[in-house]
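Hi everyone, thanks for coming. Let's walk through one model together, starting with its pocket.

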Amino acid sequence: MSTVSLLFKCPPADVWRVIADGWLYSGWVVGASRIRDVDAEWPGRGSRLHHSVGAWPLVINDSSRVTAVEPGRSLELVARGWPVGEAKVDIKLEDRGGQCLVTIAEDAIRGPGKLMPKFLRDPVISARNRETLRRLELMAIGGAGK
């Protein structure tokens, strides 16, 4: 798993509020270009976000599914973007007394992305997730999801 962390200048509740609003997903997840639908149970286990990835006109419609959740603390997803493949994504929030350490661990689990050697895919995933964390922090600090 490629793992990156960032200490946010806001409490975990602010971060979780953004994560728990599936309609905000494309605002902080690098590569997600739009949200087409969000299951009413999001972010409950088994619920899905129906998103698109890529830049117009090369947009792929797919979905991400919650495989585990501990509200306010962690979210585990299988993110899909076929024909590129699927990835396991694990997001953890750790309270640091008014701040929040957010960690994203991700790796390809199926499809062509899995064929890329780990030493090549890890730096790409890490760079994307560093930017994802920066965006998530700005949205949380800015009050998104209220």
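**A pocket and what lines it**

H4 gives the most to the lining of the largest pocket: six residues. Helices here are DSSP runs of H or I with at least four residues, strands are runs of E with at least two, and both are numbered from the N terminus. A quick word on the source: this is a predicted model, where local features need pLDDT of at least 70, side-chain atom pairs count only at pLDDT 80 or more, and totals for chains, interfaces and linings use all residues. Residues are numbered from 1 along each chain as its sequence is written, and side-chain values use heavy atoms, leaving out hydrogens and water.

Back to the lining: it divides into 19 nonpolar residues, nine polar and six charged. Nonpolar means Ala, Val, Leu, Ile, Met, Phe, Trp, Tyr, Cys and Pro, charged means Asp, Glu, Lys and Arg, and the others, Gly among them, are polar. A pocket is an open set of points on a 1 Å grid over the protein atoms alone, where a 1.4 Å probe fits, with protein on both sides within 12 Å along at least five of seven lines; lining residues have an atom within 4 Å of a point.

Now to Thr67, which is found in strand S4. Is Thr67 buried or exposed? Thr67 is buried, because its relative accessible area is 15%; the cut-offs are under 20% for buried and over 50% for exposed, with partly exposed in between (1.4 Å probe, protein chains only). Tyr25 and Trp28 are both buried too. Thr67 also touches Arg45, Glu76, Leu77 and Val78, leaving aside residues up to four places away in sequence; contact means heavy atoms within 4.5 Å.
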